[in-house]
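Thanks, everyone. Please look at the screen.

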Amino acid sequence: MRRIAPKDWYQVTRLDDDVTSICEPFIREFYRCNIWHVRGRDSDMLVDSGMGVVSLREWVPLVTERALTAVASHTHFDHIGCHHEFECRCVHAAEADLLAHPTRVNTLADPYVADEIFDALPPEPYLSSTYAVKAAPATRLLEDGDHIDLGDRVFEVIHTPGHSPGGIALFEEKTGVLFSGDILYDGPLIEDTYHANADDYLASMERLLRLPARIVHGGHFPSFSGERYRTLIMDWLADKEKTI
């Protein structure tokens, strides 16, 4: 399989609401984490940081332009790979230990990371067999109801366990912008990881349904409207009722 030069690994797309999408296009869509950069008046925010196979700080200048807080929506390998590159690192308290002490097992790199998740490989010396997330101990532990303040923008931390125990979403009330992490996106949801919980997942979905989201940026797959957001949740809840 061909290898990609570091300069070509990331794709950067400016969206509305001073949100920029940073993605790793050579990772197949199902496994490809969305990395979100949010511009604020006083500082910026990064929601998730990808696999970490190519340096974000070196090859995406946007993330070094201003003071930046790197937030982990949760601690699976595809979301925290470059967190160690940033001075300010936030994660929910329930997954702080995983961010500080990642392994191939507890980040789900094992069994998911293999050459088959790529359309083209990262630059040398990357090897799927030895891939591992670097430790990035949190500088701030998040709890439900906390806020991340960028000066003119404030995002509320919504604890959304279910996919993982410390999963969070981030909601900006004044704009209706929601970063939903992996609890909800417009694609096949993963509800059976080793630390997933079905009861928590149900409670998180019921809570999210009450949020007046206008635009949703998920952990995977394209962003979607508030209308689509409510449809996805209601359809998911209806399917659960059928299986009870």
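This is a predicted model. Let's start inside. Which classes of residue make up the lining of the largest cavity? Seven are nonpolar, four polar and two charged. That cavity holds about 170 Å³ of space. Its lining has 13 residues. Closest to the centre are Asp 78, Tyr 112, Asp 182, Ile 190 and His 220.

How many cavities of 30 Å³ or more are there? The count is two.

Seven strands form an open sheet, in the order β1-β2-β3-β4-β5-β6-β7. The pairing is mixed. Which strands sit at the edges? They are β1, residues 11–14, and β7, residues 140–142, and each pairs on one side only. On average, neighbouring strands are turned by 20 degrees against each other, with direction ignored. β2 covers residues 19–23, and the two strands run antiparallel over four bridges. One detail there: Gln 11 has Cys 23 in β2 as its bridge partner.

On to charges. Side chains of opposite charge can pair when their charged atoms come close. The model has twelve salt bridges.

One joins Lys 7 and Asp 8, at 3.2 Å from N to O. Is Lys 7 buried or exposed? Lys 7 counts as exposed, because its relative accessibility is 58% and the cut-off is over 50%. Asp 8, at 37%, counts as partly exposed.

Next, Arg 39 and Glu 65. Their closest N and O atoms are 3.0 Å apart. Arg 39 is in strand β3, and Glu 65 is in the loop between α1 and β5, 26 residues apart. Arg 39 is partly exposed at 24% relative accessibility. Glu 65 is exposed at 51%. Both belong to a salt-bridge network that also takes in Asp 44 and Arg 66.

Last, Lys 240 and Glu 191, with the closest N and O atoms 2.8 Å apart. Lys 240 lies in helix α6 and Glu 191 in the loop between β11 and α5, so this pair ties together parts 49 residues apart in sequence. Lys 240 is partly exposed at 27%. Glu 191 is partly exposed at 31%.

That's my set. Over to you.

How values were computed. Residues are numbered from 1 along each chain as its sequence is written. This is a predicted model: local features need pLDDT of at least 70, side-chain atom pairs count only at pLDDT 80 or more; totals for chains, interfaces and linings use all residues. Side-chain values use heavy atoms; hydrogens and water are left out. On a 1 Å grid over the protein atoms alone, a cavity is a set of points where a 1.4 Å probe fits but cannot get out, and a pocket is an open set with protein on both sides within 12 Å along at least five of seven lines; lining residues have an atom within 4 Å of a point. Grid points are joined across faces, edges and corners, and a volume is the space filled by probe spheres set on the points. Ala, Val, Leu, Ile, Met, Phe, Trp, Tyr, Cys and Pro count as nonpolar, Asp, Glu, Lys and Arg as charged, and the others, Gly among them, as polar. Two strands pair if DSSP finds at least two bridges between them. Axes are lines fitted to C-alpha atoms, for helices over the stretch in contact, and angles run from 0 to 180 degrees between N-to-C directions. A salt bridge is a side-chain nitrogen of Lys or Arg within 4 Å of a carboxyl oxygen of Asp or Glu. Buried means under 20% relative accessible area, exposed over 50%, partly exposed in between (1.4 Å probe, protein chains only).
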